[in-house]
Amino acid sequence: MTWQRARIEELTRRFLIPEDSADPKELKRRRLVASASELFAHHGYRKTSIDDIARGARVAKGTVYLYFESKADLLLHALVAEKTAHMGVFLELLDGPLDARERLRGFLRLSFTLIHQMPLTSRVTQPDMEIAQVLEELDPGFVATLEAGQRATYRSFLEPFAAEQGWSEADLVDRAATLVSVLYLAAPIGDQGLRVGLSIARHAELMADALVDGFAGPLRSAPIEQG
């Protein structure tokens with residue numbers, strides 16, 4: 001697998017918020033990220049102001065800009081901090097003795113389960129979040145790097161099946177992209193499970209079981225020519 005523990009840690013290290021830090025600056029940064037995360041999750045990006053975030057963190061408005069370039073920059077840090085808090089379980093999955101199929105199954109199960117424990121990440125995937133506005137404020141190159149990292153993560157879970165099933169490079173890329181799109185629907189899919197009487201954990205387990213054979217199985221048709 002190309003997406004190893006060291007690579008994940010490298011990309012997330014700059015966003016880690018030390019839990020045991022006694023540094024006043026780190027403590028203040030942590031409060032700002034926590035305040036922003038809660039407000040963005042409950043009120044949305046557009047309706048949350050820098051004043052609101054500063055007030056929630058118990059600091060002056062000007063202090064926010066000592067740590068973050070903009071509200072969009074703060075959102076990015078809040079998102080990555082939320083994901084980083086759950087990164088340990090994914091690292092255990094990568095380091096574990098599971099074969100490729102069971103690792104993919106575990107990755108899907110965790111993804112469907114944890115999205116319900118990450119309210120900000122969940123909200124970002126819904127239509128009421130002004131994603132276009134946020135992306136316009138961020139450096140396009142940085143956004144492209146983040147998106148490439150996401151695709152690489154999903155691709156790494158599918159790579160072991162490429163040779164086994166005779167996938168072309170295009171097949172692998174397409175399946176990774178499809179996996180990304182499915183996981184963006186994780187929260188609403190989970191809500192449907194609750195409506196039919198399944199727990200989040202049980203629904204995640206069944207969804208993972210249903211998807212693994214589809215993502216890891218043999219090709220059933222030739223790719224459709226694009227545009």
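Where is Arg-58 found? The answer comes in point 7, after the overall picture.

1. **Basis.** This is a predicted model, in which local features need pLDDT of at least 70, side-chain atom pairs count only at pLDDT 80 or more, and totals for chains, interfaces and linings use all residues. Residues are numbered from 1 along each chain as its sequence is written, and side-chain values use heavy atoms, with hydrogens and water left out.

2. **Overall make-up.** The protein has 13 helices and zero strands. Helices (H or I, at least four residues) and strands (E, at least two) are DSSP runs, numbered from the N terminus. Of the 227 residues, 43% count as buried. Buried means under 20% relative accessible area, exposed means over 50%, and partly exposed lies in between (1.4 Å probe, protein chains only). Contact means heavy atoms within 4.5 Å. Among contacts with a separation of 6 or more, 72% come from residues 24 or more positions apart.

3. **Helix 7 with helix 11.** The axes of helix 7 and helix 11 (residues 169-184) come within 10 Å and cross at roughly 30°. That makes helix 7 roughly parallel to helix 11. Axes are lines fitted to C-alpha atoms, for helices over the stretch in contact, and angles run from 0 to 180 degrees between N-to-C directions. Angles under 35 degrees count as roughly parallel, over 145 as roughly antiparallel, 65 to 115 as roughly perpendicular and the rest as oblique. From helix 7, Leu-104, Phe-107, Leu-108, Ser-111 and Phe-112 meet Leu-179, Val-182 and Leu-183 of helix 11.

4. **Helix 7 with helix 6.** Helix 6 (residues 87-95) also packs here: its axis and that of helix 7 come within 10 Å and cross at roughly 175°. The two helices are therefore roughly antiparallel to each other. On the helix 6 side, Val-89, Phe-90, Leu-93 and Leu-94 take part. They meet Arg-103, Gly-106, Phe-107, Leu-110, Ser-111 and Leu-114 in helix 7.

5. **Helix 2 with helix 5.** Helix 2 (residues 24-43) and helix 5 (residues 71-84) pack at about 90°, with their axes 9 Å apart. That makes helix 2 roughly perpendicular to helix 5.

6. **Aromatic pairs.** The structure holds five aromatic pairs. The rings of Phe-107 and Tyr-154 have centres 5.5 Å apart and planes at 50°, so this pair is tilted. Rings of Phe, Tyr and Trp (its six-membered ring) pair if their centres lie within 6.5 Å; planes under 30 degrees apart count as stacked, over 60 as edge-to-face and the rest as tilted. The pair links distant parts of the chain: Phe-107 is in helix 7 (residues 100-114) and Tyr-154 in helix 10 (residues 140-165), 47 residues apart. Both Phe-107 and Tyr-154 are buried. Phe-161 and Trp-167 form another tilted pair, 6.5 Å centre to centre with 45° between the planes. Phe-161 is buried at 1% relative accessibility, and Trp-167 is buried at 8%. Phe-107, Tyr-154 and Phe-157 form one aromatic cluster.

7. **Arg-58.** Arg-58 is found in the loop between helix 3 (50-57) and helix 4 (61-67). Most residues other than glycine have a negative phi. Arg-58 has a positive phi of about 60° although it is not a glycine. Arg-58 is exposed, with a relative accessible area of 63%.

8. **Arg-105.** This arginine lies in helix 7. At 14% relative accessibility, Arg-105 counts as buried. Arg-105 and Ala-208 are 103 residues apart in sequence and 5.5 Å apart in space, C-alpha to C-alpha. Leaving aside neighbours within four places in sequence, Arg-105 is in contact with Ala-208, Asp-209 and Val-212.

9. **Asp-52.** Asp-52 lies in helix 3 and is partly exposed at 23% relative accessibility. Beyond neighbours within four places in sequence, Asp-52 is in contact with Ser-35, Leu-39 and Lys-47.
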